[in-house]
Every structure is written in C-alpha cells, then in structure tokens.
Amino acid sequence: MKSGQQFLTSGVTALAPAIWGSVYLVTVEWLPPDRPLLATTVRALPAGLILLAFSRALPSGIWLWRTLAVGALNIGAFNFLMFLAAYRLPGGVAAMIMAVQPMIVLVLGALLFGDKIRFAHVLACVLGAVGVVLVAFKGTAALDFVGVVAALGAAACLAFGISLTKLWGRPDGVGLLPFTGWQLLAGGLVSLPFTLVIEGLPSSITGTNVIGFTYLISLGAVISYVIWFRGIERLPVLTISFLALCSPIVATLLGYTFRDETLSILQVVGILVILAAVVLVQPRPVKPAGVAPNDPPHSDHIKERAR
C-alpha cells in the first residue's frame, strides 16, 4: 500500500473511534442510568441483525467459535466494560486508563505476529499515554475501584480483539458487512442473558432513551464497526490500536461544545501529542526490493498462513 493510501485508510478508520468518542456523552445524557449491559445488548444485537440482512451466510465449523471469541472480545465484553467505566468514572479518567491499550497490542504483536518492537513504537506508546492524560485529566476525580477495573478490562478486550481479528482475518467468500454482523450478533447474544438476569428490562423508556439507542445502533455500531473492521484488514494492529486514541479527543471536544466544559492549552497540546503518536506508528511504505531475509515476518503474512 502506498504512503498516501495508508494515510487515507488510517483517516477513514479513525472515524470509528471518533464516533465512539461520542458514546460517553450519549451514555450520560440519553441512556437509562446504570444499565451497561442493556446498553451493550441494544447497541450490538439489532446492529448485527441489520448487517446480516445483506447476506444469509452464518459462521460454521471453526468460524463458529472464532466468531464467538472475537465477538465477545470486540463487542460484548468490551462494550459492557466500557459502558460500566463510563457510568462509574468521569469520561476523562476512563479514557486515561484505557490508554494502556496500545501497549498491550505492542506486546501481543510481538507474541502473535513476530513483529519487532521498535524504539519508535515504544516512544509512540509513551506519547499516546501522555497525550491522553493531558487531554482527559480534570485535576481532581474520585477513583471508583470497579470503574478502574472495568476500564482496564475494556482496554485488554479491545487489544486482544484487534489482534485476533487481524490474525484470523475473515473466511473466503464472506463480505465485510456479514462478517461485521457476525461479530455484533455474537457480542449481543453473549450479553443478552446477563442483561435479562442481572439488570432486567427497564420499567419505562423515554423518547430521549430511544434517540440514544438509535444513535448507538446506527452510527455507534452499524457504520462505525464496518469502518473499524475494514481498517483492521488493511492496517497493522499497532496502527489500529493508536487510532482508538481518537476517542478521548472527540469526547473532550464534545464536552467543550455541548456541556460547557473548558478546553485548556494543555488539552490542545495533548491532542497534538496524540496525533503525533498516531503519525509515528503509521506503516512505512514497502520497499520495491522486498523484505530483507533477516527482517521479521509482517503480521499480514502470518495472518494469511493462519487462515
């Protein structure tokens, strides 16, 4: 992929976490309070059914358990833990904790794909974490233990979900839309029984709640996850993981715009630092001469062999 195409693909893929950055605002303002499982199920299950309407293909054989695994990580567990963190922590604190996600991906890339950990990658991880802290830190915030654990768990789920999705790819003959629908449906089905048993259904739903759920299903799931999984197919896992840091940037800008929150010079600097980290991990153009014999195999090649 040429350098211009790489940056274009990264830019398009960044739209997904940018949309997810609005989830913090939607959760607080539009959804029923303290119902992370309900939010997860309603976001994922209808979206999966909508995407499966484009194809009747369903996973079978090895892809049945692979879909359950990545669907639980990417959708079910990640969304539940993210919503739980959003309910119990200020959005900025949750974003700061989840900034460890690229570091987890960096280690997984070395273990699963044999990717070499370069100084630029470590530097980008540090810059990304520092940038998120500058953007999200509000000075004083109470740390809820459950919320902190949920944010760490969400970061781990996202890291493992990205890595396994890249490793396994998608089966031949299955398009991007149904493949995304598989994962959303799997994640929704995993969270459904927990929703019914632990939280139950709300006694009433307001018009504002309906708007919030509609937003989560359409933009927050159908559109954003199609963009996200398209990006995972085309970009290295570390690049993808850093694009997820766009979420706290959008969350901060939306808070400034709609909730009268301040936007300080340090936050602006933090946004620039995050963007610098994203640029730093962009894949380098492939040299015409090919890969040197001593270079480690790229994750795309290993992914092909893993299918």
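## Close-up views of a predicted all-chain model

**View 1. Helix α14, end to end.** Helix α14 covers residues 265-280, and at 1.5 Å a residue its 16 residues should span 22 Å; the C-alpha atoms at its ends lie 23 Å apart, so the two values agree. Keep in mind as you look around that this is a predicted model.

View 2. Which residues of α14 are buried? They are Q267, G270, I271, V273, I274, A277 and V278. These residues cover an arc of only 165° around the axis, which means they sit on the same side of α14. Their packing partners are α8 (119-136), α12 (237-243) and α13 (246-258).

View 3. Helix α4 takes in residues 36-52, and its 17 residues should span 24 Å at 1.5 Å each; the end C-alpha atoms are 24 Å apart, so expectation and model agree. Is this helix enclosed or open? Because 13 of its 17 residues are buried, α4 is largely enclosed by the rest of the structure.

View 4. The loop between α3 (23-30) and α4 holds P33. Is P33 buried or exposed? Its relative accessibility is 62%, so P33 counts as exposed. Look for N209 as well: 176 residues separate it from P33 in sequence, yet the two C-alpha atoms are 10.0 Å apart in space.

**View 5. F78 in the nonpolar core.** The largest nonpolar core contains 85 residues. Those with the most contacts inside this core are L31, F78, F83, L184, Y225, W228 and F242. Pick out F78 and you can trace its contacts to A72, L73, M98, A154, C157, L158 and Y225, leaving aside residues up to four places away in sequence.

**View 6. The whole chain, for orientation.** The protein chain has 15 helices and zero strands. Of its 307 residues, 52% are buried. Among contacts with a separation of 6 or more, 90% join residues 24 or more positions apart. The chain exposes about 14100 Å², with carbon and sulfur atoms supplying 70% of that area.

**View 7. Residues 301-307, to be read with care.** Mean pLDDT for the protein chain is 86, and 89% of its residues reach 70 or more. Over residues 301-307, however, pLDDT stays under 50. The model has 16 contacts beyond four places in sequence for this stretch. Where pLDDT is low, predicted coordinates should not be read in detail.

Methods:
Residues are numbered from 1 along each chain as its sequence is written. This is a predicted model: local features need pLDDT of at least 70, side-chain atom pairs count only at pLDDT 80 or more; totals for chains, interfaces and linings use all residues. Side-chain values use heavy atoms; hydrogens and water are left out. pLDDT is the predictor's confidence in each residue, from 0 to 100. Contact means heavy atoms within 4.5 Å. A nonpolar core is a set of buried Ala, Val, Leu, Ile, Met, Phe, Trp, Tyr and Cys residues joined through side-chain atoms within 4.5 Å. Buried means under 20% relative accessible area, exposed over 50%, partly exposed in between (1.4 Å probe, protein chains only). Helices (H or I, at least four residues) and strands (E, at least two) are DSSP runs, numbered from the N terminus. Accessible areas come from the Shrake-Rupley method with a 1.4 Å probe; for residues, only the protein chains shown count as cover. The expected span of a helix is 1.5 Å times one less than its number of residues. The arc is that of the directions from the helix axis to the C-beta atoms.
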